[in-house]
Amino acid sequence: MGFKKLINSKKIVMLLSMFLLLGTNMLMAQDTATGTAATDSDKSAMWTSVGYYLLLFLVGCFCIAILGKILRVYDLTQKMQGKKGINWNSFMGFICIVFLIAGLYGATWSLTEQGSMSLPEAASAHGVDIDNMFTVTAILTLIVFFITQSLLFGFAFFYRGSDKRKAHYLPHNNTIEKIWTIIPAAVLTVLVVFGFFTWQKIENSTEVKGDINIDVTGHQFAWELRYPGKDGKLGALDYKLTTGDNKLGIDFKDPKSWDDLQADTLVIPVNKSIRLNIHAQDVIHSVYMPHFRLQQNAVPGLPTFFKFIPTITTAEMRVRTDNPKFEYLLYCNKICGGSHYNMQKVVRVVTAEEYQDWIAKQKPYLTDKLRTELKLTADKSTSAPQAATNRLALNN
Amino acid sequence: MSTLAVHDHGIVHHEEGHEHHHKQTFLNTYVFSQDHKMIAKQFLITGITMAFIGMTLSLLFRIQLAYPDKSFPLLETLLGRFAPGGRLSPDFYMSLVTIHGTIMVFFVLTAGLSGTFANLLIPLQIGARDMASPFVNMLSYWFFLMASLVMVSSFLVQKGPASGGWTIYPPLSALPKAMPGSGEGMTLWLISMVMFIASSLMGGINYITTVLNMRTKGMDLWKMPLTIWALFLTAVLGVLAFPVLVAGVVLLIFDRSFGTSFYLSDIVLNGQVQPFEGGSPILFQHLFWFLGHPEVYIIIMPAMGLSSEILAVNSRKPIFGYHAMVYSLIGISVLSFIVWGHHMFVTGMNPFLGGVFMITTLIIAVPSAVKTFNWLATLWRGNIRFTPAMLFAIGMVSFFISGGLTGIFLGNAALDINLHDTYFVVAHFHLVMGSAAIFGMLAGVYHWFPKMFRRMMDERLGYLHFWITFIGAYLVFFPMHFMGLDGVPRRYYAFTEFESMKRWLTVNVFITWAAIMSGAAQVAFIVNFIYSIFFGKKATQNPWDANTLEWTTPVEHIHGNWPGEIPTVYRWPYDYSKPGHEGDFIPQTVPYSQTMSSNSPHDFEDNPAGLEEYNKWASINKINEQVK
């Protein structure tokens, strides 16, 4: 019983010291708060709150230490009385099963609650393929997840040790090892084949007649867009020609570039094949449009492409998500500098008619100022089309 | 031959005693020590220090992510110009992310993990007096320490440390004007990395040589514990992969400082046309990930080896499918060299190549699955002792499963389009290589602490440490999967600029507090660790009743590990609870002739003389029983 007295007294001493600490701290805090000038009040408030959290942490540590001491003394007294002490082994086995149940519940909750917040409806043709692939993979992996975690913590609980038992000596079993090599291999083969063909289908970005080509160029920290004009073709680029007025380095010697249009919003017609030509000027960026399940890095010196067909207009998506402000977004997904976190562009999917109306209003890159600079004004109306035809003839 | 030579040395050593040795001073015992056990401790303590630095950095940026609009005057007091007005600056946020990643991947989980346990366990478990070249081993530590100091010192540079992400992709890292961290900070990063790789290579060559040449009598490759297999294959991976990173880093230094264009082409920075032409940023990614992917296996394989050993010892059962475990380790090692392209599916690499890398990547899941099932089978019908080490090993398996399964999504090129560089990836690798590897490392620390420091760690604090960290890590990383699926990118300073990401703010607050909780739990570890070094309960020679050789050495450390001859090994290291034997373990040093009652014909597969003896004994035994 002497032990019990000991803990009691220790506990009391510790509690006392805690209160003392707390009390002095509060007193000091009050002192500083009242005693200092207004300019320093922020600082002192800061230190008070820092002290507060530190103290909270220390109090927590003390509580744990006291709990530990109590348990230890309890253990010792039990042993002195000839009884068994706390069986930590069984206790840990028990916590394993508690963790398993709580964990499975938590995982299920998270999957349903947060899972429903994620993976918005796919708004592109290939996005549906990706989502199917995702569903299949998710079902398979979740089955494995729940089974293996249950076995892991279930075994930990059921086979928690005791002195009476001896473990079952089982060094190997070739049959079962073969089974669990072959089954994952077979399942993965299915996933690989399925994935490989989906991937090949998606990544086919060769240009076909009727594709709408749009240039997306990333630089720190914005995206520039370039639409083809009436000729449906984008002009050549040469980064060395980049100036303040010619931001993209468009080569205006190429007549195809004369009607290239600039735009603020990536407006695209629904159900048309869109081919994004992705460029970067300074560092690597990444064109990421999660609703369209679309991502492709923008690499300086290495133009990349992504071809897709949007299937849901912004207006329709607003109805479906019940959010009148909904916008599709394009944003940067490759670390590119300080403002990487805010490099976005609105993407608007519209009907074909709306698209025609919209594109008619866009301004060309070849502004009047550039025209005078490049001395293109005089012969613009006459020689330009001629040059174009000449070139065509030459090419043929 | 070499084993013989070592034996001779051992005998001489014993006869002449310590007089022969040069004088033991503080400097050559604790600082410039060439003893593998001391070097292991140096690696461990440096590794733990770096881990605490890395963890603190992560807590700083977690606070920013949870409270993007709030000002914390304390941050300004502590960080000065990096946190004007009590808010982290975006550039410094990037630095934190970068240095957190670098420290954790390289300094904690490569050097801290392999360095500690390869140095400690290779000589002790294979029965060697020390490493093959103790001096190179010492150099390896000192290069590592220098690399650590240079890396940490980059916080003192005016513009802050490197900030292009731990993968330092050029052109961002190559152009000092692209971001503040790409200036002197990046230079220091590169210098530090070159020293680190030198350290890693010196260590790796040493580990390989020691394992191949210095095993004691009877210790053939198939009698080595799985820890040694794992550490050996890890060293092989390191020696083959790290030089490629040096190549990549040296070319990057050339691009930065000498005006070459290996990685740069067609660049217009801030409206200024740059003179670089003909390089390819993708080249760097190939070189980086040719190291980078084996690197994640360099991180996880030692953790696998340590956990395998700890699971077997504490289940009092042989590890299930020892051969399959070794072959899967070899399989993972080989495959790890041909999967690097799965980091580059969306970088503009040829899509066909992406398809090929997808196939190899998903194949690597097979040996990983085999390992997992074998661990589960090891627990099955065991007699489990929950030491803190055992709990951490179980936690390692749990994380490996959870994180490994999401790898099947990311390894699939088609799914990776939408998931690449999102929080899904963050969740994936923090579980499968971050948490799993650190749990393997902590399991090792708890398990081999008595061997390192001759004292025991407190079990109950270990339990507390385990459960808070384990639950905390799941709370931190599990919700991140869903953020990633919703298209929330990683390395974003704040999610306030996007309407669609604002709804994840509450989740971010939750994650931050879970992270703070896990961080606080590490105090339980560090208190336990330091206290136990000085005041822990004195350890016995074999506190866990384990079979491996390190527990046959005396508790007091001596130079050369064993007084007298190095013990001979007669059996594999996993004879736990063998039927017919009284105790539940038979150390490797016990010959079969002493355990007649528990031998089985299987034990003599490659030993015809032994089998004959066994059959003779068995038949006599049978007759005796019939007589009875």
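This is a predicted model: local features need pLDDT of at least 70, side-chain atom pairs count only at pLDDT 80 or more; totals for chains, interfaces and linings use all residues.
Two residues are taken to be in contact if their C-beta atoms, placed from the backbone, lie within 7 Å. The axes of H5(B) and H8(B), the latter spanning residues 226–257, lie 10 Å apart at an angle of about 125°. H5(B) is therefore oblique to H8(B). The crossing of the two helices is left-handed.

A second pair in chain B has another geometry. Helix H9(B), residues 281–315, packs with helix H12(B), residues 365–379, at about 20°. Their axes are 9 Å apart. H9(B) and H12(B) are therefore roughly parallel to each other, since angles under 35 degrees count as such. This crossing, too, is left-handed: H9(B) with H12(B). From H9(B), the contact takes Met304(B), Leu311(B), Ala312(B) and Ser315(B). From H12(B), it takes Lys371(B), Trp375(B), Thr378(B) and Leu379(B). The residues in the contact of H9(B) with H12(B) are 5 nonpolar, 2 polar and 1 charged.

Chain B is divided into two domains. Domain 1 covers 2–535 and domain 2 covers 549–627. The centres of domain 1 and domain 2 of chain B, taken over C-alpha atoms, are 38 Å apart. Domain 1 of chain B gives 30 residues to the contact, and domain 2 of chain B gives 24 residues. On the domain 1 side, helix H1(B), 2–16, and helix H5(B), 90–126, are the elements that give two or more residues. H1(B) gives the most, with 6 residues. The domain 1 side that touches domain 2 of chain B holds 11 nonpolar, 10 polar and 9 charged residues.

The contact between the chains was considered next. It takes 99 residues from chain B and 93 residues from chain A. The side of chain B that touches chain A has 61 nonpolar, 22 polar and 16 charged residues. H4(A) presents Thr137(A), Thr141(A), Val144(A), Phe145(A), Thr148(A), Gln149(A), Leu152(A) and Ala156(A). H13(B) presents Ile394(B), Val397(B), Ser398(B), Ile401(B), Ser402(B), Leu405(B), Ile408(B) and Phe409(B). The contact of H4(A) with H13(B) has 10 nonpolar and 6 polar residues, and no charged residue.

Chain A also carries a sheet. The sheet is open, has 6 strands in the order E8-E5-E1-E2-E3-E11, and shows mixed pairing. Strands E8, 304–308, and E11, 363–364, of chain A stand at its edges. Each has a single partner strand, so one side of each is left without a neighbour in the sheet. E11(A) is joined to strand E3(A), residues 261–263, by 2 bridges, and the two strands run antiparallel. In this pairing, Leu261(A) stands opposite Pro364(A).

Definitions and conventions
Residues are numbered from 1 along each chain as its sequence is written. Chains are lettered from A and ligands numbered from 1 in the order in which they are written. Axes are lines fitted to C-alpha atoms, for helices over the stretch in contact, and angles run from 0 to 180 degrees between N-to-C directions. Helices (H or I, at least four residues) and strands (E, at least two) are DSSP runs, numbered from the N terminus. Angles under 35 degrees count as roughly parallel, over 145 as roughly antiparallel, 65 to 115 as roughly perpendicular and the rest as oblique. A crossing is left-handed if the near helix is turned anticlockwise from the far one by less than a right angle, and right-handed if clockwise. Ala, Val, Leu, Ile, Met, Phe, Trp, Tyr, Cys and Pro count as nonpolar, Asp, Glu, Lys and Arg as charged, and the others, Gly among them, as polar. Two strands pair if DSSP finds at least two bridges between them. Domain bounds come from an automatic or database domain assignment.
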